[in-house]
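Please look over the sequence and structure below before reading on. The briefing that follows goes through the protein topic by topic.

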Amino acid sequence: MAPVRPSRPLQFEQQKQQVLKAVKEKCAPASHLSDNDFANNVLATDGNKNAVREATLAKERNNQKSYQAAIAKIVCPAK
């Protein structure tokens, strides 16, 4: 019997949450910000949008080196 794989949207959501967690560890957002507000602040620049997209793709492809490089490109928003 083949292992059950998460559906595509569920898998994407899990990867997005992992990327958000990594960015929060890197940037240490203000405690009053919700996850959604923090994510919106991070995604406010095109450079960060591209880096988050790269990180999500790298996570999907199980490429840890590219994932870490993409996270490193993210510029933390002002607090």
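**Briefing on burial and exposure**

Asn36 counts as exposed because its relative accessibility is 54%, and the cut-off for exposed is over 50%. The model is a predicted one.

**Helix 2**

- Asn36 is part of helix 2.
- Phe38, Ala39 and Val42 of helix 2 are buried.

**Helix 4**

- Tyr67, Ala70 and Ile71 are the buried residues of helix 4.
- They line one face of the helix, because they fall within an arc of 100 degrees when seen down the axis.
- Lys65 and Ala72, on the other side of helix 4, are exposed.
- An α-helix has 3.6 residues a turn, so residues three or four places apart point the same way.

**The largest nonpolar core**

- The largest nonpolar core has 16 residues, and those that touch the most other members are Val19, Val23, Tyr67, Ile71 and Ile74.
- Two or more residues each come from helix 1 (8-27), helix 2 (35-42), helix 3 (46-60) and helix 4 (64-73).
- Helix 1 gives the largest share of this core, five residues.
- Val19 is in contact with Val52, Ala55, Thr56, Tyr67 and Ile71, leaving aside neighbours within four places in sequence.
- In soluble globular proteins, nonpolar side chains tend to be buried together.

Notes. Residues numbered from 1 in each chain as written. Predicted model: local features only at pLDDT ≥ 70, side-chain atom pairs only at ≥ 80, totals over all residues. Heavy atoms only, no water. Core = buried A, V, L, I, M, F, W, Y, C linked by side-chain atoms within 4.5 Å. Buried < 20%, exposed > 50% of the residue type's maximum accessible area, 1.4 Å probe, protein only. Helix = DSSP H or I, 4+ residues; strand = E, 2+ residues; numbered from the N terminus. Contact = heavy atoms within 4.5 Å. Arc of directions from axis to C-beta.
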